[in-house]
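This report describes a single protein chain from its fold down to selected residues. The sequence and the model are shown first.

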Amino acid sequence: DCAGMTGSVSPHTGYGNFQRIFSDPLTHYLAHQNSFVITSGIALQSQQVGYVGSTGCSTGNHLHWTVTHGGTYIDPASIVP
């Protein structure tokens with residue numbers, strides 16, 4: 001629980017509001033979101049899926065983008081053209 005962190009917005013745990021997007025073999029985690037545009041189904045390339053926020057253990061608005069390949073963390077910059 002990080003409710004005492006300045007800037008943290010409920011829910012006050014870990015990634016807060018986050019989405020997990022599967023793109024076999026990659027899994028994308030978009031965390032600390034304020035709200036969601038897409039809550040289920042297919043997300044198209046370049047489609048907005050949510051809004052930047054400061055939920056969870058966060059001290060200010062930002063998007064936390066984590067990518068895994070087969071369960072191993074990779075640098076998201078390595079997959080951006």
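The model is predicted; local features require a pLDDT of at least 70 and side-chain atom pairs a pLDDT of 80 or more, while totals for chains, interfaces and linings use all residues. Residues are numbered from 1 along each chain as its sequence is written, and side-chain values use heavy atoms, with hydrogens and water left out.

**Overall architecture**

The chain contains six strands and zero helices, and its order along the sequence is β-β-β-β-β-β. Here helices (H or I, at least four residues) and strands (E, at least two) are DSSP runs, numbered from the N terminus. Along the principal axes, the C-alpha atoms fill a box of roughly 35 × 25 × 20 Å. Of the 81 residues, 30% are buried, where buried means under 20% relative accessible area, exposed over 50%, and partly exposed in between (1.4 Å probe, protein chains only). The accessible surface is about 5300 Å², and carbon and sulfur atoms account for 55% of that area; such areas come from the Shrake-Rupley method with a 1.4 Å probe, and for residues only the protein chains shown count as cover. Among contacts (heavy atoms within 4.5 Å) between residues at least 6 apart in sequence, 47% join residues at least 24 apart.

**Strand pairing**

Two strands are taken to pair if DSSP finds at least two bridges between them. The pairs described here are tabulated below.

| Strand pair | Sense | Bridges |
|---|---|---|
| β1 and β2 | antiparallel | five bridges |
| β2 and β5 | antiparallel | six bridges |
| β5 and β6 | antiparallel | three bridges |

Strand β2 spans residues 26-31 and β5 residues 64-69, whereas β6 covers residues 72-74. β1 and β2 form a hairpin with two residues between them, and Ser-23 stands opposite Leu-26 of β2. On the β5 side, Leu-30 faces Trp-65 and Tyr-29 faces Thr-66. Thr-68 in turn has Tyr-73 of β6 as its bridge partner. The hairpin of β5 and β6 also has two residues between its strands, and Gly-70 there adopts a positive phi near 60°.

β2 is mostly covered, with six of its six residues buried. Leu-26, His-28 and Leu-30 point one way from this strand, Thr-27, Tyr-29 and Ala-31 point the other way, and all are buried.

**Gln-33**

Gln-33 lies in the loop between β2 and β3 (35-36). The residue is buried, with a relative accessible area of 3%. Its side chain makes a polar contact of 3.1 Å with that of Gln-19. A polar contact is a pair of N or O atoms within 3.5 Å; within protein, one must be able to donate a hydrogen and the other to accept it, and residues adjacent in sequence count only if both atoms are side-chain atoms. Not counting residues up to four places away in sequence, Gln-33 touches Asn-17, Gln-19, Val-49, Gly-50, Tyr-51, Gly-53, Thr-55 and Leu-63.

**The largest pocket**

A pocket is an open set of points, on a 1 Å grid over the protein atoms alone, with protein on both sides within 12 Å along at least five of seven lines; lining residues have an atom within 4 Å of a point. The largest pocket holds about 670 Å³ of space, its volume being the space filled by probe spheres set on the points. Its lining comprises 24 residues, of which Ile-21, His-28, Ala-43, Leu-44 and Val-49 lie nearest the centre. The elements giving two or more residues to this lining are β1 (19-23) and β2; β1 gives the most, with five residues.

Note on methods
1 Å grid on protein atoms, 1.4 Å probe; cavity = no way out; pocket = protein on both sides within 12 Å on 5 of 7 lines; lining within 4 Å.
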